[in-house]
Amino acid sequence: MMRRLTYAVTIAAAALAAPVFHAQSPSGWPQFLGPDRDNTTRQTIPAGATLAEAWRADVPAGTSGIVVSGTRLITGGDDDAREFVVAFDVDSGRELWRSTLGPAHETADPQATPVIIGDTVVTVSATCVVHGLDIATGQSRWQKSLVTEFKSRLAPRACAMSPMIDGATVVVPTGAPATGTTLAAFDAATGTVVWSAANLPVSLNTPAGLGTFKGERLVLYHHAKPPGTGGLSAVRVKGGTTDIAWQIDLKAGMSDTAPLALPGNRVLLQTWNDSALIDVSSTPRIVWTTTDLWALYPPPTHHAGVLY
């Protein structure tokens with residue numbers, strides 16, 4: 001089974017006249033939820049712009065997202081036998097390389113979106129292995145098994161945690177039991193574990209979030225507690241050590257949707273039943289909940305005080 005990828009290098013003529021919304025912009029889209037992990041682009045679309053298909057290419061099956069940096073467009077997938085990461089040339093759509101990560105998962109297509117950090121591509125395979133690849137060639141630089149290293153419990157149903165960029169590291173919830181190391185940051189170039197966090201509740205197949213609150217940068221970890229309640233843990237990282245800055249539990253519901261940091265020291269946390277806006281200006285508190293908005297794998301987009 002193949003899925004179709006259509007990538008439009010959007011209105012190239014307008015991009016030449018006013019260099020905005022072009023794939024080779026330094027900001028790019030290097031990870032799930034964009035450069036700042038907030039589902040927002042730094043670029044703008046010119047008034048009156050239109051879209052035109054630039055090229056079309058077959059990519060392996062799966063629901064891995066697309067990331068772009070410089071001249072590279074990268075995604076993942078499988079062919080029922082093997083799992084891949086694939087790189088395309090942004091302007092022509094020509095396939096540049098296809099790197100095999102290993103056997104395909106028995107029951108699930110790949111879901112994690114890779115990240116591009118410097119000259120390295122990092123992704124989490126459905127079989128719960130973190131891979132570091134050379135962006136120019138796709139050759140393997142390093143691998144870390146979340147099952148072997150952290151006793152991840154997610155392997156039977158497949159890992160889907162899209163890595164998160166934080167400086168020179170990539171942050172990945174491990175899927176470990178609550179008694180283990182449930183969150184880890186890997187050096188993107190070498191795969192060395194730079195820091196790790198234990199004493200956190202478990203998480204589902206949930207990507208980490210990132211936000212700055214009252215001037216402090218915190219990793220946002222969407223946790224889950226039996227018998228079915230989610231919540232938010234904010235992890236402070238200093239000098240390779242971690243501690244929990246604050247935690248809050250929801251009244252009910254859970255999901256695998258990433259937390260979304262919002263302006264005004266607020267975070268949107270979604271469950272499969274509803275959404276909660278959490279204010280973290282002082283002691284974390286739920287400002288409102290609504291059943292009009294509920295969890296999908298990516299959170300909504302925020303713009304000018306509105307969630308889309």
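Predicted model: local features only at pLDDT ≥ 70, side-chain atom pairs only at ≥ 80, totals over all residues.

Colleague: Is Trp-142 buried or exposed?

Modeller: Buried means under 20% relative accessible area. Trp-142 has a relative accessibility of 6%, so the residue counts as buried.

Colleague: How are the rings of Trp-142 and Phe-186 arranged, stacked or edge-to-face?

Modeller: Their centres are 6.1 Å apart, and the angle between the planes is 25°. Planes under 30 degrees apart count as stacked. So this aromatic pair is stacked.

Colleague: How many residues apart in sequence are the parts that this pair ties together?

Modeller: Trp-142 belongs to strand S10 (residues 140–145). Phe-186 belongs to strand S13 (residues 183–187), so the pair links parts whose separation in sequence is 44 residues.

Colleague: How many aromatic pairs does the structure hold, and what is the arrangement of Phe-32 and Tyr-297?

Modeller: The structure holds 5 aromatic pairs. In the pair of Phe-32 and Tyr-297, the ring centres are 5.3 Å apart and the planes lie at 45°, so the arrangement is tilted.

Colleague: Where do Phe-32 and Tyr-297 lie, and how many residues apart in sequence are the parts they tie together?

Modeller: Phe-32 is in the loop between helix H1 (12–17) and strand S2 (55–60). Tyr-297 is in the loop between strand S22 (285–290) and strand S23 (302–303). Both residues are buried. The pair therefore ties together parts whose separation in sequence is 265 residues.

Colleague: Which residues touch the most other members of the largest nonpolar core?

Modeller: This core has 20 residues. Among the elements giving two or more residues to the core are helix H2 (146–150) and S13. The residues touching the most other members are Ile-117, Val-122, Val-124, Val-130, Leu-146, Cys-159 and Phe-186.

Colleague: Which residue in S22 is the bridge partner of Leu-277?

Modeller: Strand S21 (residues 275–279) pairs with S22 in the antiparallel sense over 5 bridges. A hairpin through 5 residues joins S21 to S22. In S22, the partner of Leu-277 is Trp-288.

Colleague: Which ring does the charged end of Arg-98 sit over?

Modeller: The charged end of Arg-98 is 5.3 Å from the centre of that ring. The ring belongs to Phe-84.

Note on methods:
Residues numbered from 1 in each chain as written. Heavy atoms only, no water. Phe/Tyr/Trp six-rings, centres within 6.5 Å; stacked < 30°, edge-to-face > 60°. Helix = DSSP H or I, 4+ residues; strand = E, 2+ residues; numbered from the N terminus. Buried < 20%, exposed > 50% of the residue type's maximum accessible area, 1.4 Å probe, protein only. Lys NZ or Arg CZ within 6 Å of the ring centre and 35° of its normal. Core = buried A, V, L, I, M, F, W, Y, C linked by side-chain atoms within 4.5 Å. Pairing = 2+ DSSP bridges.
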